[in-house]
Amino acid sequence: LGWGKQDLHRSIVLRSQKMAAFGVKLRSTKNEMVDKSAPKLSGYIDKQEIRDYQESILASNIEEWYPAIRDLTFKTSFVPLSVHDAEALVNPSTCPVEQKESVLQRLQSKMTEVGGTDGCFVKMSSRSPKDAVVSLIKHAPFTPADDWDKRAAVVIQAATDVMHVNAAEDFWALLSKSDRVEQDLRLALEVPEKFRENFVVREWVQLDTMWEFRAFVYQGTLTAITQYNHIVYVPDIANNKDTIEAQLRSFWDEQVAPRLQDVLQSYIVDFAIVGEKVWVVEVNPFADTTGTGLFSWKEDKEKILANKEGVFQFRVRHSSLGKALVAQVPHEWRPLLE
């Protein structure tokens, strides 16, 4: 989940602010992570800045980068959505029954094609409904004796595994509870001339979520990498930092960079390590709505993320936060940890 309450809250608030400034209205929120204060942005951002923001988000959708690196990531297929579909999906609870059945039938067919009986990971063109999974985890999947890092690791893994769906209806249940999906669909609908939204059906590959990393690429240069689930201290990562850095940088230099250089110049890419293999998990926009792990947009953007000093950095957690890590997660997740 890439937890870090401040980054997560900032991401949601910024995305909501920018959409609101462009006239995109959001319905009542579904969960506590979403800012409810409706901040005013008069004098802060103009419509051109909003349009630039929208363009950066849409340019990083999976349809743009998947063809270039399809063999470096998970098998993926697409279920095209019409503008009419997207307008209905903005509020799934009021979607006409016939339209819902049609959408689910198309989705189920593609899920069977990609995953057979093994299930799939399903997302939208931009993001997944991972903000909805907390409602599906009824009990904390750890023992009272587990330390705080183990507790967080187990819950994060469980939250990821909940995204492993076998039926289109399972994905619909997540979709119906996701503010992320609603926001992204509304954003896409605001640029109708570039509308190209899909259900994205991906092969399920079981990953250890603690071995995910986020890399920052600015104007074609890899500038920084962070431990993705950065609130958790993982001794094997801390003790093998140099080896991991070399593995990730080599993979980016030799495999990813040559393929994406004509697609995107600045982006944030997520990697997962499974033994000797590195997967590309996702490509995200190089924007302040994307989380930065152990970096900070405020403190590090100029000197590290934008490579102003020309110095690469790889950051991992070297010691445990102990119980203090609970304060770093969204409020609704805390009962699962305590």
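1. Two strands pair if DSSP finds at least two bridges between them. Helices (H or I, at least four residues) and strands (E, at least two) are themselves DSSP runs, numbered from the N terminus. With those terms, phenylalanine 216 stands opposite alanine 224 in β6.

2. A word on the basis of this note. The model is predicted: local features need pLDDT of at least 70, side-chain atom pairs count only at pLDDT 80 or more, and totals for chains, interfaces and linings use all residues. Residues are numbered from 1 along each chain as its sequence is written, and side-chain values use heavy atoms, with hydrogens and water left out.

3. Start with the sheet. It is open and has five strands, in the order β8-β7-β5-β6-β9, with mixed pairing. β8 and β9 (313-315) are the edge strands, each pairing on one side only. From one strand to the next, the twist averages 25 degrees. Angles here run from 0 to 180 degrees between N-to-C directions, and axes are lines fitted to C-alpha atoms, for helices over the stretch in contact.

4. Now β7 and its partners. β7 is antiparallel to β5, with six bridges. Across that pairing, phenylalanine 213 stands opposite phenylalanine 271 in β7. β7 is also antiparallel to β8, here with eight bridges. Alanine 272 stands opposite tryptophan 279 in β8. β7 and β8 form a hairpin with two residues between them. Glycine 275, in the turn, has a positive phi of about 65 degrees.

5. Next, β6. Its pairing with β5 is antiparallel, over six bridges. Valine 217 stands opposite leucine 222 in β6. On the β9 side the strands run parallel, and three bridges join β6 to β9. There, isoleucine 225 has phenylalanine 314 of β9 as its bridge partner.

6. Is glutamine 219 buried or exposed? Buried means under 20% relative accessible area, exposed over 50%, and partly exposed in between (1.4 Å probe, protein chains only). Glutamine 219 has 53% relative accessibility, so it counts as exposed. Glutamine 219 is in the loop between β5 (212-218) and β6 (221-227). The hairpin of β5 and β6 has two residues between the strands. Phi of glutamine 219 is near 50 degrees, a positive value in a residue other than glycine.

7. Burial within the sheet comes next. Seven of the eight residues of β7 (residues 267-274) are buried, so β7 is largely enclosed by the rest of the structure. β6 is also largely enclosed by the rest of the structure, because six of its seven residues are buried.

8. Which strands does helix α10 lie across? Helix α10 (residues 241-260) lies across β5, β6, β7, β8 and β9. It runs at about 125 degrees to β7. α11 lies across β5, β6, β7 and β9, at about 140 degrees to β6. Contact means heavy atoms within 4.5 Å.

9. Turn to the aromatic rings. A search of the whole structure finds nine aromatic pairs. Rings of Phe, Tyr and Trp (its six-membered ring) pair if their centres lie within 6.5 Å; planes under 30 degrees apart count as stacked, over 60 as edge-to-face and the rest as tilted. One of the pairs is phenylalanine 74 with tryptophan 279, which is tilted: 4.9 Å centre to centre, with 40 degrees between the planes. Phenylalanine 74 lies in the loop between α3 (62-65) and β1 (76-80), and tryptophan 279 in strand β8 (residues 277-285), so the pair ties together parts that are 205 residues apart in sequence. Both phenylalanine 74 and tryptophan 279 are buried.

10. Another pair is phenylalanine 216 with phenylalanine 295, which is edge-to-face: 5.8 Å centre to centre, 80 degrees between the planes. The pair links distant parts of the chain, 79 residues apart: phenylalanine 216 is in strand β5, and phenylalanine 295 in the loop between β8 and α11 (297-305). Phenylalanine 216 is buried, with a relative accessible area of 0%. Phenylalanine 295 is buried too, at 3%. Elsewhere, ring pairs link Trp211, Phe213 and Phe314 into a cluster.

11. Last, charges over rings. A charge sits over a ring if NZ of Lys or CZ of Arg is within 6 Å of the ring centre and within 35 degrees of the ring normal. The charged end of lysine 277 sits over the ring of tryptophan 279, 4.4 Å from its centre. For arginine 249, the charged end sits over the ring of phenylalanine 312, 3.9 Å from its centre.
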